[in-house]
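Dear colleague,

I am passing on the structure below, together with notes on what I found in it. Please read the notes alongside the coordinates.

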Amino acid sequence: MPRRAATLQPSTAQLVERIALFFETEGFSRIGGRIFGRLLLSEAPLSLDGLAADLGASKASISTETRALERRGILERTGRPGDRRVYYQVAPTLPLPTMQLRLDRWPERVRLMQR
């Protein structure tokens, strides 16, 4: 299946990609980083369809990654009255899970340095 063309403006797409690359260094998938970057720059929650169109990715890939980010406390699921679609936004408590993830990884880094 051919890759879809992203619908973002070039400057926004570049920033989203930089965020994705940073996320990748933190152990996330690049598409997960793109989703986070897109939602971080959005004024309103976005649906799976909206994210897929904006990022030029499949809806299945977006669905899988949004659920993974939601489980980690990075994204929050929301809805709209009268609309059956699921929408996502960056979780308002984002710094807490991010800090916990870093703290959880710290002992492993210390062990590596000791070796």
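Leaving aside its neighbours within four places in sequence, which residues is R34 in contact with? They are V16, E17, A20 and L55, where contact means heavy atoms within 4.5 Å.

On provenance, this is a predicted model, in which local features need pLDDT of at least 70, side-chain atom pairs count only at pLDDT 80 or more, and totals for chains, interfaces and linings use all residues. Residues are numbered from 1 along each chain as its sequence is written, and side-chain values use heavy atoms, with hydrogens and water left out.

The average pLDDT (the predictor's confidence in each residue, from 0 to 100) is 87 for the protein, and 91% of the residues score at least 70. Confidence is lowest in helix α5 (residues 95–114), with a mean of 74, and highest in strand β1 (residues 46–47), at 96; helices (H or I, at least four residues) and strands (E, at least two) are DSSP runs, numbered from the N terminus.

S42, in the loop between α2 (30–40) and β1, is buried at 19%. A polar atom of the S42 side chain lies 2.5 Å from the backbone oxygen of A44, and the C-alpha atoms of S42 and V90, 48 residues apart along the chain, are separated by 9.3 Å.

Best regards

Definitions and conventions: Buried means under 20% relative accessible area, exposed over 50%, partly exposed in between (1.4 Å probe, protein chains only). A polar contact is a pair of N or O atoms within 3.5 Å; within protein, one must be able to donate a hydrogen and the other to accept it, and residues adjacent in sequence count only if both atoms are side-chain atoms.
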